[in-house]
Amino acid sequence: MGSTVATSVIDVSKTFGQDKDQVTALDRVSVDIRENEFFTLLGPSGCGKTTLLRLIAGFEHPSGGKILLHGEEISHLPPFKRPVNTVFQSYALFPHITVSENIGFGLSMQDKPANEIKETVAAMLKLVQMESLADRRTDQISGGQQQRVALARALAPHPKVLLLDEPLSALDYKLRKEMQIELKTLQHETGITFIFVTHDQEEALTMSDRVAVMNQGRILQVGTPKEIYDHPAERFVADFIGDTNFLAADLNQSDNGRMMVTLPGGRTVETTQSDFPGAGKVNITIRPEQASLINGPSAADLSGTINNVVYSGNDTHVHVMLESDEPFVVRVQNRGAQSAQWESGQAVGIKLEPGSVQVLQD
Amino acid sequence: MNSSAPGRQLSSVERVALKRESRRNILLCTPAMIVLFFAASGPLLVMLVYSFLTPGDYGGVVYKLSSDGWFRVFFHQDIFDETVSVASAHLSIFWRSIKLSLLTTIAALILGFPTAYFIATRPVKSRNFWLFLVTIPFWTNLLIRTFAIMELIRNRGLVNNVLMKFGVIEQPIQMLYTDFAIMLGMTYVYLPLMILPLYASMEKLDFRLIEAGYDLYANRFRVLRKVIIPLVKPGIVAGSILVFIPSLGAFVTPRVLGGGKNMMLGNLIELQFGQGRNWPLGAALSISLLLIVMVAMLLYVKNMQKNKGEQN
Amino acid sequence: MLPKKRFSVRRLPGFAVIAIACFTLLYAPIMILVVYSFNAGSSIAVWEGFSWQWYSAAWDNEMVQSATFNSLVIAIQASLYATVLATMAALGTTRTKPYRGQTAIYTMINQPLMVPEIVTAVALLICFAVIKQLTDYQGLMYLVIAHTAFCIPFAYLPIRARLEGMDRALETAAADLYATPWRSFRQVTLPLMWPGILAGSMLAFVISLDDVVITEFVKSAGQDTLPTYMLGQLRRVITPEMHAISTVLLVVSVVIVSVIFILNRSKN
């Protein structure tokens with residue numbers, strides 16, 4: 001992957017409203033988005049992800065900070081002078097013109113010659129498999145088709161960066177899955193940088209090269225999907241992405257310089273993490289699928305009593321109340337009779353996989 | 001948060017964008033504002049000034065301050081012995097205007113309420129058609145509609161003719177040029193103004209509440225009184241004010257149906273600019289009318305705001 | 001034997017009867033007027049057979065001709081100007097952050113709807129009398145300006161409604177696709193708001209065509225429009241010619257309002 005920076009967001013803030021009604025949507029956010037990457041802004045609604053996208057597109061004006069595109073500041077440019085295009089959440093297709101006219105709109109606004117527009121539009125129609133509906137009006141086609149037209153329209157001027165604002169949220173589950181793969185393929189084929197906004201963590205993990213997790217106007221963590229999932233830096237990130245267990249623990253350095261975590265109950269496990277909040281009381285997180293249940297406490301890292309067994313198709317979630325009075329969930333794959341042996345009231349031990357303990361920053 | 005201080009500083013890009021937008025808005029509104037100022041608001045101010053000037057002998061004014069116009073709204077000075085008495089002629093016209101407007105409002109409410117309810121209980125698809133039937137007369141010429149009423153009720157009009165033919169009466173009833181005629185005409189021309197807001201609030205009526213009313217042993221009359229009317233009260237108030245205001249300022253209907261004698265405020269005002277030749281008095285009367293209308297309008301706005309507050 | 005009518009929650013006794021009576025009241029007088037415009041006799045109460053004579057009488061009446069001409073000249077100009085002004089004002093007052101002076105602008109625009117027409121009429125009479133004295137100009141322009149002013153709110157309302165119902169993202173998308181503000185307006189905003197503009201202009205035309213009170217007070221001698229001509233005639237002996245003129249005006253209004261109704265429906 002090329003490591004040239006496509007878009008730099010430097011110390012950007014955005015505040016809406018005045019005085020008492022003031023809302024801070026972005027609080028001094030900085031992030032570099034590389035060329036040719038599929039970059040996702042992930043977070044709950046109201047976290048500022050869409051605002052950041054609209055700032056890059058030029059629909060809003062930053063209250064502070066700078067936005068660079070290939071090293072050039074664009075904060076003062078109006079949207080129609082930025083080589084950046086957007087796929088809108090509502091698609092925002094022009095209802096008074098046809099599908100091909102929609103796709104050619106950007107090019108004709110750039111005063112490109114007619115035959116070039118025609119060629120590009122044809123290529124785009126082919127790319128999104130909409131050739132047969134070229135002369136339809138946009139209110140006469142289905143939601144999935146509108147989605148493709150919106151994509152083709154934004155890609156037609158061949159922007160340096162393509163911004164996608166929750167473009168799949170209006171589609172039903174099956175279509176959404178299909179489009180996820182198509183989008184990913186499209187990004188590879190065109191080589192355009194995609195900045196994708198979503199609140200769906202699964203979507204973010206499957207599609208992205210890198211993900212930025214946002215909450216309350218700040219970026220909490222930037223990394224590959226695997227980094228984010230396996231090594232969440234903060235409680236919010238761990239909680240927002242996938243199911244997880246939280247425990248209080250002690251962190252200290254052993255004689256040979258290794259970092260050891262003392263679990264509730266007294267057992268210690270090593271952690272291979274390199275960034276620590278410092279020794280002492282810490283919060284740790286353990287994914288439910290990285291723990292397993294065993295009989296008897298001898299080899300167990302944690303022990304407790306099962307208080308609920310919840311069957312959910314692929315696997316079974318076993319809810320354990322630890323001796324330290326903290327809840328802990330273990331996910332047991334439903335293979336053979338493995339899950340059948342666990343029942344409420346049973347005393348069990350929990351074995352953790354090596355490297356499963358993640359120390360949180362907060 | 002870095003910017004919790006009140007009156008935060010806008011960044012330069014934000015300021016430029018805001019300035020550009022507000023300049024654009026002002027520029028777009030200016031031409032309309034100029035025309036409206038020149039031919040709607042401005043003249044009202046000029047008229048206010050005129051109400052304090054001295055009447056000219058042949059209409060118009062003499063540019064000399066005088067309270068004569070306002071004085072004559074309420075008092076009458078005898079030409080010969082200069083004794084001052086209450087201007088009973090004016091006051092009775094004020095009273096007639098208010099009385100006829102109130103009666104018109106009540107008549108329109110009695111007719112309009114069932115009609116609006118009828119429309120609101122039609123199937124959704126046909127409701128628009130019924131509404132359209134209400135709107136059509138509203139957008140047709142008021143003078144023509146008044147004229148239509150005039151033709152019906154005149155002494156040799158259709159109503160009297162039919163009544164005489166069937167022997168109900170022997171002599172035609174004098175209906176034209178009476179207060180009744182004015183009231184009938186105003187009810188006729190302003191009825192859509194009652195039905196439309198009533199319908200608007202009835203359309204939102206939750207019929208499960210009416211079912212609950214019947215379920216709790218209320219009979220039809222009680223459901224109407226205790227459930228429906230309280231729920232659509234905002235529509236009743238809105239419709240009543242929308243009928244009352246134009247009735248009070250009516251000019252064409254009383255002139256055509258009331259003849260020369262049964263004047264309302266609008267006709268009294270006209271008189272001052274015609275045969276009366278007392279422009280300051282006319283201006284003062286106009287402003288009085290405007291003030292009464294403003295009070296009614298204020299009630300209307302209050303009512304609207306209260307509803308909005310209740311809905312939130 | 002059939003059981004009694006089933007109980008319906010929605011029905012209230014007598015309401016349907018009053019409603020039908022109400023619709024009859026709304027339409028019967030107009031209908032009778034229209035029917036008698038085709039009466040062969042000059043009576044307004046006795047039917048003497050079908051005839052077009054009153055229409056041709058009105059057509060040949062020079063007073064009616066000049067009044068019609070005045071009405072059309074004023075209504076066409078006033079609705080055109082009012083529509084342009086209202087379109088601009090609607091663009092300047094909708095879909096924007098609230099700004100200082102916005103309430104004042106709303107009040108100004110709606111003023112002709114709130115102030116009794118007779119009050120505006122005499123206020124204009126006073127003002128224009130001064131101007132007429134100063135400039136010696138007696139033409140139709142006074143009427144055109146007065147009509148433009150009170151037509152503005154009528155043109156403004158449907159245009160504004162149309163704009164408010166429009167997806168803001170469409171213009172954002174146009175800007176995103178390299179359209180300058182002007183081109184975005186020409187290619188996206190204007191075509192989308194066109195039905196509103198059309199409805200607004202037609203409404204303004206009807207309102208101007210039907211105006212009696214303001215015209216009556218502002219007009220100079222010989223500037224009668226159809227409604228003021230009729231108002232003058234109503235004081236004299238009424239011939240069925242009045243019915244013919246009324247019918248024509250009614251038909252014009254009904255046709256235009258129907259078109260507006262259809263325009264609005266196709267929007268949804």
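This is a predicted model: local features need pLDDT of at least 70, side-chain atom pairs count only at pLDDT 80 or more; totals for chains, interfaces and linings use all residues.
View 1. Strand E1 covers residues 5–16 of chain A and strand E2 covers residues 23–34; they run antiparallel and are joined by eight bridges. Strands here are DSSP runs (E, at least two residues), as helices are (H or I, at least four), numbered from the N terminus, and two strands pair if DSSP finds at least two bridges between them. Val5(A) sits opposite Arg34(A) in E2(A).

View 2. Domain 1 takes in residues 5–236 of chain A and domain 2 takes in 243–359, with bounds from an automatic or database domain assignment. Their C-alpha centres are 39 Å apart. Six residues of domain 1 of chain A and eight of domain 2 of chain A make the contact (heavy atoms within 4.5 Å). Between them the domains of chain A bury about 670 Å², 41% of it on carbon and sulfur atoms; that is the accessible area (1.4 Å probe) two parts lose on being put together, summed over both. On the domain 1 side, Tyr229(A), Pro232(A) and Arg235(A) lose the most area, together 73% of what that side buries.

View 3. Zero salt bridges are counted between domain 1 and domain 2 of chain A (a side-chain nitrogen of Lys or Arg within 4 Å of a carboxyl oxygen of Asp or Glu). Helix H7 (residues 225–230) of chain A gives the most to the domain 1 side, with three residues.

**View 4. Chain C against chain B.** Here 85 residues of chain C are in contact with 86 residues of chain B. The two chains bury about 7800 Å² between them, 80% of it on carbon and sulfur atoms. In chain C, Arg10(C), Phe23(C) and Ile126(C) lose the most area to chain B, yet together they make up 9% of what that side buries.

**View 5. One salt bridge between chains C and B.** The count for this pair of chains is one salt bridge: the side chains of Arg255(B) and Glu216(C) meet at 4.0 Å, N to O. Helix H1 (residues 15–36) of chain C supplies the largest share of the side touching chain B, 15 residues.

**Notes.** Residues are numbered from 1 along each chain as its sequence is written, and chains are lettered from A and ligands numbered from 1 in the order in which they are written. Local features need pLDDT of at least 70 and side-chain atom pairs count only at pLDDT 80 or more, while totals for chains, interfaces and linings use all residues; side-chain values use heavy atoms, leaving out hydrogens and water.
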